Amino acid sequence: MTAHAEPLLSLRGVKAYYGNVAALKGVDVEVREGEIVALIGANGAGKSTLMMTVFGAPRARQGQIHFAGRDITALPTHEIAKLRIAQSPEGRRIFSRMTVMENLQIGATVTDAVDLGADLERVFTLFPRLRDRRHQRGGTLSGGEQQMLAIGRALMSRPRLILLDEPSLGLAPLLVQQIFAAIRALNERDKLTVFLVEQNAYHALKLAHRGYVMVNGLIALQGSGSELLRRPEIRAAYLEGGVR
Amino acid sequence: MEYFVQQLINGITLGSIYGLIAIGYTMVYGIVGMINFAHGDIFMVGAFLALIAFLVLVALGISTVPLALFIVLLVSMALTALYGWTVERIAYRPLRHSFRLAPLISAIGMSIVLQNYVQVAQGARVKPLPPLVHGGYTLFEGNDFAVRLSNIQIIIIITTIALMTGFSFLVARTRLGRNMRACEQDLKMAALVGIDVDRTISLTFVIGAALASVAGLMFLLYYGVVDFFIGFLAGVKAFTAAVLGGIGSLPGAMIGGILIGLIETMWSAYFSIEYKDVAAFAILIIVLIFLPTGLLGRPEVEKV
């Protein structure tokens, strides 16, 4: 199992700041090939910052980020994307004045245009709603459709690793189920490695192989998904009172 | 009636030149959110480069007018584009993450630099170019007034239509155009999907400068004279055109350009030529008060 010898993505002692405010205070995280890893924590803990720091925006002021054996800490954002890491970021950031189709084409920026047809087909199979809406502007889609588009756009780059920031945010329970099912399918069928940020801790930890709990810019706990689900402090902080 | 049609033709010709410059303002504003005040001077540099290119061609003995025009067009587009690229590289890019006013101040500085550079290098006197394109057509006559469409006007209008069509196609259909629109909407997300944002911004400046250089060449052919100061007035008017059309909107810049050309020409024809600039800038003020987003602009605030 040489593939597991070195994690696909690793962050070591990463510190990042907004101005002079420390958002990440020395974070160690590993994502191995083929895994689903969930990152949970309260609002403002630094989860989204961690996702963006992988892409160098904001840039890690200390520590190292490695992807597939390569040090990407200082690489420009678009060069990092070229290594086939994709992100569906916080707030989805759909290009709202472009059509669904154009959004997906933009997602394919780092692949060769030749594969476009097959990649589009893959996204449309996963999210048939997008096919129906492909000539509509991104801004006119519903929240759930925008979420699908954000994930679809990320998939268009044929990523080795996909970062999903709160894919369930603001969605109806049924849609949350759909999105999570899609993530599981991508992981199991296409062997896609997934690094997931979630408020919805219960769903996320059930889905994930492993999880990290972030508190105040630091990793407070880690373990397998089921392990974390059983921890009393996790239940108290993130699950009880908010269980579905 | 004949007089009016004549003014219409003249106005559209002038408006074409403004429109070509206005595209540069609106494009740069769309992507980096700054007004490139040096853009008018890029237009002026384009006119000078065209003049120099003509003189070089004459010295080389190339005197076929269509061929010479074509070579001059290409040469001045290429060299002016280089100016546009350089200005962005040295005056704006280092300030991209600075406070919002910094690149604006830098742009005004760049405008002064370019003006003085040309004044020093070329002298402050007006430079003439003997008329190269002669002739034209009399469309119709009546009331002792002949409506004329000169060949140079035809060249200007057709070139403008061709460039604007080509450019609209570029923005709407090509990969570069898509990348430019992505950068315009969300720079950070554009970088996340792998678009080289710096390169896209550079290309935006390059394309804007190339279009401005065509306007410079047209101006040179139409009026036959250039000096180091033409960029200021033409630049501010093209900026007015961009605001009138809705800053950030490409069709808006084109329509705004034509409208400003028409307003200026009509005002000169029917009221007083001394106040034509006042008329154009009064429009700027009125638009900013009553229609701040312009004819085709979007409101600044966008819903999530």
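Student: Which residue is the bridge partner of V14(A) in β2(A)?

Tutor: In this predicted model, V14(A) is bridged to V27(A) of β2(A).

Student: Why are β2 (21-31) and β5 (70-71) of chain A called edge strands?

Tutor: The open sheet has four strands in the order β2-β1-β4-β5 (chain A), with antiparallel pairing. β2(A) and β5(A) each pair on one side only, and this makes them the edge strands.

Student: How do you know that β9 (residues 210-215) of chain A pairs with β3 (residues 36-41) of chain A?

Tutor: Five bridges join these two strands, which run parallel; a pair needs at least two bridges.

Student: In which sense do β9(A) and β10 (residues 218-224) of chain A pair, parallel or antiparallel?

Tutor: They pair in the antiparallel sense, over six bridges. Y212(A), for example, has Q222(A) of β10(A) as its bridge partner. The hairpin of β9(A) and β10(A) has two residues between the strands, and N216(A) takes a positive phi near 55° there.

Student: Why does the radius of gyration of chain A agree with that of a compact globule?

Tutor: For 244 residues, a compact globule would have a radius of gyration near 18 Å; chain A has 17 Å, and therefore the two agree. Along the principal axes, the C-alpha atoms of chain A fill a box of roughly 45 × 40 × 40 Å. Buried residues make up 46% of the chain. Its secondary structure comes to 10 helices and 10 strands.

Student: Which domains are assigned to chain A?

Tutor: The assignment gives domain 1 (2-83 + 160-239) and domain 2 (92-158). Their centres, taken over C-alpha atoms, are separated by 23 Å. The contact takes 11 residues from domain 1 of chain A and eight residues from domain 2 of chain A. On the side of domain 1 that touches domain 2, α7(A) gives the most, with three residues. By class, that side has nine nonpolar, one polar and one charged residues.

Student: How do you know that the length of helix α5 (residues 151-173) of chain B agrees with its number of residues?

Tutor: At 1.5 Å a residue, its 23 residues should span 33 Å; the end C-alpha atoms are 32 Å apart, so the span agrees.

Student: What makes a residue of α5(B) count as buried, and which residues are buried?

Tutor: The test is whether 20 or more other C-beta atoms lie within 10 Å of its own. In α5(B), Q153(B), I156(B), T160(B) and M164(B) are buried. The buried residues of this helix pack against α1 (2-32), β3 (145-150), α8 (197-223) and α10 (250-270) of chain B.

Student: How many residues of each chain take part in the contact between chain A and chain B?

Tutor: The contact takes 15 residues from chain B and 22 residues from chain A. On the side of chain B that touches chain A, α6 (175-185) and α7 (187-192) of chain B are the elements that give two or more residues. By class, this side of chain B has eight nonpolar, two polar and five charged residues.

How values were computed:
Residues are numbered from 1 along each chain as its sequence is written. Chains are lettered from A and ligands numbered from 1 in the order in which they are written. This is a predicted model: local features need pLDDT of at least 70, side-chain atom pairs count only at pLDDT 80 or more; totals for chains, interfaces and linings use all residues. Two residues are in contact if their C-beta atoms, placed from the backbone, lie within 7 Å. Ala, Val, Leu, Ile, Met, Phe, Trp, Tyr, Cys and Pro count as nonpolar, Asp, Glu, Lys and Arg as charged, and the others, Gly among them, as polar. Domain bounds come from an automatic or database domain assignment. The radius of gyration is taken over C-alpha atoms; the globule rule is 2.2 Å times the number of residues to the power 0.38. A residue is buried if 20 or more other C-beta atoms lie within 10 Å of its own, exposed if 12 or fewer, and partly exposed in between; C-beta atoms are placed from the backbone. The expected span of a helix is 1.5 Å times one less than its number of residues.
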